[in-house]
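Visitor: I have just opened a structure for the first time, and I would like to learn how to read it. Could you walk me through some features?

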Amino acid sequence: MALTLYVDTARWRAHHQSVFQQFPGLVPVCKGNGYGFGHERLADEATRLGADILAVGTTYEAARIKDFFSGDLLVLTPFRHGEEPVPLPDRAIRSVSSVEGVGGLVGARVVIEVMSSMKRHGVKPEDLPKLAAAIEDIRLEGFALHLPLDRTDGSDAVEEVIGWMDRLRAARLPLHTMFVSHLKADELARLQQQFPQTRFRARIGTRLWLGDHDATEYRGSVLDVTRVAKGERFGYRQQKAASDGYLVVVAGGTSHGVGLESPKALHGVMPRAKGVARAGLATVNRNLAPYVWAGKQRWFAEPPHMQVSILFVPGDAPQPQVGEELVAHLRHTTTQFDRIVDR
């Protein structure tokens, strides 16, 4: 009895191939929880695709994944002076986002991140003149530009990259490789055509591993079903049942990421109104669960437990049976499954 991630393997891998064909030189990203699949699985899939480099989030992830992937490992979190040293093989490439950081990586393989309109981290235009001398002591693998997902000001992602290409060229810095994130295939092609001497390499995670939503599905096993009458008390907090129905214990709790949700950026009146409505229901202990039964998303009877959740199914709905599985709409990047099944 488990929270299971089912994968339509042939369809999933066909999507990977499609993305790889659209983005020549693609760098797969495997960070966090491995986009819900785990580091070892994605390392195997990257090898299957013939990737020569795999991007990971941290040095700790690189240390764990080095035994599962034989190519280069690009660490995306920038180097910081004073960070804990983590032993890594020479095939590890460090990102750096400041001139001072470059100075701390003498002899290392390095990708230099420049400041994009994300304004998260990166070398600023005014610091470029200092880089020419600093890069003499490192093995420069290229520059990188991490772009925003949305452009609400109507700006052009390609123009932002071109602006940085012009600045780097004016500073007489080598432009053999540029790593980019969040560009469309046609945008990447435009850049490659305009700068044929530079190799543009797209770092892609979400679009690669999660781009085909119908290729994967989470399901939680029903562990127990108990009938309750209106007014009957139940659960840790001994609440009263609002009506006749069933308490359904299903696999998947907080340790799996069930009930945990990252904040969303809401755009438009309707999404904001729905957000307000959900918040209002939560104040009276009405929280929608990710589990679906009989065609409807059901409510938590109480907050999820560590490894299971208890749902309330009203009496006019079909009674779930122990051993059945309920589809669960879960976010891959915050979910830990008990098992994965390839179909």
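This is a predicted model: local features need pLDDT of at least 70, side-chain atom pairs count only at pLDDT 80 or more; totals for chains, interfaces and linings use all residues.

Visitor: Where does tyrosine 35 lie?

Guide: Tyrosine 35 sits in the loop that runs between strand S2 (27-28) and helix H2 (39-49). Its phi is near 55°, a positive value in a residue other than glycine.

Visitor: Which value does phi take at alanine 294?

Guide: Alanine 294 is not a glycine either, yet it has a positive phi of about 55°. You will find alanine 294 in the loop between strand S14 (288-293) and strand S15 (296-300).

Visitor: Is alanine 294 buried, partly exposed or exposed?

Guide: Alanine 294 is partly exposed, because its relative accessible area is 46%, and that class lies between 20% and 50%.

Visitor: Let us turn to helices. Which way do residues along a helix point?

Guide: An α-helix has 3.6 residues a turn, so residues three or four places apart point the same way. Now look at helix H1 (residues 9-22): its buried residues are Thr9, Trp12, His15, His16, Val19 and Phe20. They lie on the same side of H1, because they cover an arc of only 135° around the axis. On the face turned away from this buried side, H1 carries the exposed residues Ala10 and Gln21.

Visitor: How far apart are the end C-alpha atoms of H1?

Guide: They are 20 Å apart, which agrees with the 20 Å that 14 residues should span at 1.5 Å a residue.

Visitor: What about a residue in a strand?

Guide: Take leucine 311, which is placed in strand S16 (residues 308-314). Leucine 311 is buried, because its relative accessible area is 0%. Valine 250 is 61 residues away along the chain, but its C-alpha atom and that of leucine 311 are separated by 7.6 Å.

Visitor: And how is empty space inside a protein found?

Guide: Rolling a probe the size of a water molecule over the atoms shows where empty space is left. Here, a search of the whole structure finds one cavity of 30 Å³ or more. The largest cavity holds about 50 Å³ of space.

Visitor: Which residues line the largest cavity?

Guide: Its lining is made of Glu113, Val114, Ser116, Met118, Arg120, His121 and His146. By class, two are nonpolar, three polar and two charged.

Notes:
Residues are numbered from 1 along each chain as its sequence is written. Side-chain values use heavy atoms; hydrogens and water are left out. On a 1 Å grid over the protein atoms alone, a cavity is a set of points where a 1.4 Å probe fits but cannot get out, and a pocket is an open set with protein on both sides within 12 Å along at least five of seven lines; lining residues have an atom within 4 Å of a point. Grid points are joined across faces, edges and corners, and a volume is the space filled by probe spheres set on the points. Ala, Val, Leu, Ile, Met, Phe, Trp, Tyr, Cys and Pro count as nonpolar, Asp, Glu, Lys and Arg as charged, and the others, Gly among them, as polar. Helices (H or I, at least four residues) and strands (E, at least two) are DSSP runs, numbered from the N terminus. Buried means under 20% relative accessible area, exposed over 50%, partly exposed in between (1.4 Å probe, protein chains only). The expected span of a helix is 1.5 Å times one less than its number of residues. The arc is that of the directions from the helix axis to the C-beta atoms.
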